[in-house]
Amino acid sequence: MNTQKFTFEYDTYSDISELTPADQQLLSAARKVTEQAYAPYSNFFVGAVIHLQNGETVKGTNQENASFPVGICAERTALSTASSLYPGVAIDTIAVSYNNHNGGKNDAPISPCGICRQTITEYENRQQQPIRIIMSGQRGKVYILETAKHLLPFGFTAEDME
């Protein structure tokens, strides 16, 4: 037997004021776009904003459906929009925030769900460079990861099918 360990580092900030101006702007936009989410069933409104390497930004929100679970997460909405509007342009950073209308505090970072982790990792593989991820609620702590691969250490990729 051989025991192995997976570890990674990420940056933690006490609030948005500690971020660079560019990251502050991106996270502020993610917090704001949660207002456009359609979440009448979960009351958990999520926003994602992508910064592309050409300087453009793309927004996405979660879109629920009565035929649960056929909705789509904010991260995948933003990724699909980015690849449709700007094909071949690499994604630099994605900021994710939420607004919990169920009475939650909205002050702790959340991470993308499993499907979104897989999808972001796929985009990293396609563009052959990491995607930074900024995660936060409407206020409070902020986490920044330098690559989506840290969210999905044993991700399934095209290489697995070769």
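Predicted model: local features only at pLDDT ≥ 70, side-chain atom pairs only at ≥ 80, totals over all residues.

I began with glutamate 159, which is found in the segment after strand E6 (142–145). My note on terms: helices (H or I, at least four residues) and strands (E, at least two) are DSSP runs, numbered from the N terminus. Residues are numbered from 1 along each chain as its sequence is written.

Is glutamate 159 buried or exposed? I found a relative accessible area of 61%, so glutamate 159 is exposed (buried is under 20%, exposed over 50%, partly exposed in between, with a 1.4 Å probe and protein chains only). I also checked asparagine 125, 34 residues away along the chain: its C-alpha atom is 9.9 Å from that of glutamate 159.

Next I went to aspartate 23 in helix H1 (residues 21–33). Aspartate 23 is buried because its relative accessible area is 10%. Skipping neighbours within four places in sequence, I saw aspartate 23 in contact (heavy atoms within 4.5 Å) with Arg132, Ile134 and Ile144.

Six strands make an open sheet, ordered E1-E6-E5-E4-E2-E3, with mixed pairing (two strands pair if DSSP finds at least two bridges between them). Strand E1 (11–13) and strand E3 (57–61) are the edge strands, each pairing on one side only. I noted that strand E2 (residues 44–52) and E3 run antiparallel, joined by five bridges. Isoleucine 50 has valine 58 in E3 as its bridge partner.

Key:
Heavy atoms only, no water.
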